[in-house]
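User: Could you walk me through reading a structure like this one? I'd like the general idea of each feature and then the case at hand.

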Amino acid sequence: MTTDSLSVPEDDFIWLEGLRNEKALEWAHEQNAITLAAFTQGSEFMPLREKVLQGLNSPEQIPVVSRCGNDWYNFWQDAQNPKGLLRRTTLEEFRKPQPKWETVLDIDALSKAEGKDWVYHGVFALKPDFNRALIFLSPDGGDASEVREFDLRTLEFVSDGFFLPVAKSRAGWIDHDHLFVATDFGEGSLTDSGYPRIVKIWQRGTPLSEAEVVFSADKKDMLAAGYHDSFKGFERDFVVRVIDFYHREAFVLNAQKELTRIDLPADAKFSTWRDWLLIQPSSEWQINGETWPSGSLLTVNFDAFLAGERALKPLFMPGTHSSLSGVTATRDQLNGYSFTRDHIILSITHDVVNRLEVMTPENGEWRREPFGKVPELSKINAWGVDDDTNEYFVSVSGFLQPASLSFGNLDNGVDVEAELLKQDPSHFDASRYQVSQHFAQSDDGTRVPYFLICRKDVVYDGKNPTLLYGYGGFEVSLDPYYLGVSGVSWLDRGGVFVVANIRGGGEYGPEWHKAALKEKRLRAYEDFASVAKALIASNITSPAHLAAQGGSNGGLLVGNMLTRYPELFGAIVCEVALLDMYRYTQISAGASWIAEYGDPQKPEEWAFIREFSPYHNLDATKKYPPVLITTATSDDRVGPDHARKMAAKMQAMGIPDVYFYENTDGGHSAAADKAQSAFKRVMVSEFLMHFIGRNAEQ
């Protein structure tokens, strides 16, 4: 690489940066018209869109609930309530096929009354009475939200209650009269990543300007936040300084507002449960004469640890193919476990397929019991309902298996089968399809797992339209999940679907993730390409009929498939992606990801970052597959800047079949409601079938 190649790159399309840049929005509007004309006007588009939307709005879908006292809360969206309802019921009602719900807050009605397109971003109810809550509302679906206090008895916003204007705030209850607040307090109060760096305690009845500062992080840190652990009998206040995505400092805050640092490695994850401290080291940790491996789960009495005790007990030790899994459906969980009052439920994966164990402390030791049953190549989740009981929910799903929701109580033992409460509907005839797991060999010999979903009578003739999906970053695992309306929009159209579990993810624990960090990033792309090559070698598909799809960090992944492996693919779908890796730290929240990718402002790091910056690796002399690049104006996390610039640069180079679509709302999900989601899903399906379908012109 020459010295010139490491200098500041010229950028002829920087004028497309800026979320609300009018000139950029005008360009995006023109591009949208071209894309919509190409892929939403066919005879199959509207019928398929209606079928997908009908599936997304199905009244039979499981209402995901959380208990607050005697009430069970759910946020629900359907055709009549596109923005959604926050509603509640009782357990007795929830058991019924058609429960009666009480509307707590109607987001559609609120939006109409206030003349704003509010997008619901969550509720945080105050324990133990659950009479008040903080409601988070985004004006456009972006990460920045307004925070309002809400009375759960009168079902009205509290006129003189706590209120925060739109910002990327972190706010939570300490008690009825106090909040932890980290928000935009004005000049100098945000980090370079655009997140709050100052934590305050705000007392009811006082102006926010008088809130008491308890901690300030550095501007170069990612963020700071405070939170209250309300576990009955073990209440504690914490402040966390998030240095970057993988390093943090945590402090206990006492009644005198004094901070005591929890003496853990900066890259260790931790949680507290009752009188225990649970620790997951992300690197090998030598302490008290013991060496604990990356990805283990360790425990010690919390107060004893603060006092200097370092004799730790292992709850989980990783193996070559096993790790703790990330459980996405749990409350207050950390990388593979959840709590009830008296138990910890572990989720352990072996080659990306998980099982559960229940851990129970007894007389200073821990009892371990297997828990739950799951079909082959499926996913089982279990999580505690609350801190006050040993009740739990368990959900089982698979690529071809709609999710179920069951309710149980560990007081009855682990062998008592949970009560089936709800079953998601089937959106397609799964009996025609099959799921299998395979392993590809990457360039360095690493064994890379992938799931393949296809018709049982699939013909290996190299002509099956095949969609290869991946992510490969931030220790995120791609576990089995029900394909739902993707079965309608892809499988039922003759498509094959493949999920690649490449390095950079969390499928095999922290080391699998670290194997693709920074200067090792290309390993993730080699893994993904190795899966593509394996699919082609099997003759289930061919480059002309193989597409790659990914979003966010996965968009960066498929952007690199476009520039590094164009010969392997017949189409690319690149969504809400990072693509300009020289300026990514200056766009939206990009500075918060330096720990993942590196700092392009450091010449020695730009040297390796440039190798995986799609925007800078385009070559007008190369032949590229057709590409659809999608984003959202309101994406204040990655920013639409990347997508706009990539598409514009490719078009300026004369590269054919470059399509761009920018939704206005929806933030990083690029869809603010189910109608927008259905529209985009089918547009993508039409694009893919046009270019890689069995009858597509090559």
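**Reading the fold, step by step**

Analyst: Let's start with secondary structure: the chain has 13 helices and 40 strands. Helices (H or I, at least four residues) and strands (E, at least two) are DSSP runs, numbered from the N terminus. This is a predicted model, where local features need pLDDT of at least 70, side-chain atom pairs count only at pLDDT 80 or more, and totals for chains, interfaces and linings use all residues. Residues are numbered from 1 along each chain as its sequence is written, and side-chain values use heavy atoms, with hydrogens and water left out.

User: What radius of gyration does the chain have, and how does that sit with a compact globule?

Analyst: The radius is taken over C-alpha atoms, and the globule rule is 2.2 Å times the number of residues to the power 0.38. For 698 residues the rule gives a value near 26 Å, and the chain's 25 Å agrees with that. The C-alpha trace spans about 70 × 60 × 55 Å along its principal axes.

User: What share of the residues is buried?

Analyst: Buried means under 20% relative accessible area, exposed over 50%, and partly exposed in between (1.4 Å probe, protein chains only). Here 60% of the 698 residues are buried.

User: How many disulfides turn up?

Analyst: You look for a pair of cysteine sulfur atoms within 2.5 Å. A search of the whole structure finds zero. As for individual cysteines, Cys-454 counts as buried because its relative accessibility is 1%, and Cys-574 is buried too, at 3%.

User: Which peptide bond is cis?

Analyst: Omega is the angle to check. The bond joining Lys-127 and Pro-128 is cis, with omega about 0°. Pro-128 lies in the loop between β5 (119–125) and β6 (132–138).

User: Is Lys-518 buried, exposed or partly exposed?

Analyst: Lys-518 has 27% relative accessibility, so it counts as partly exposed.
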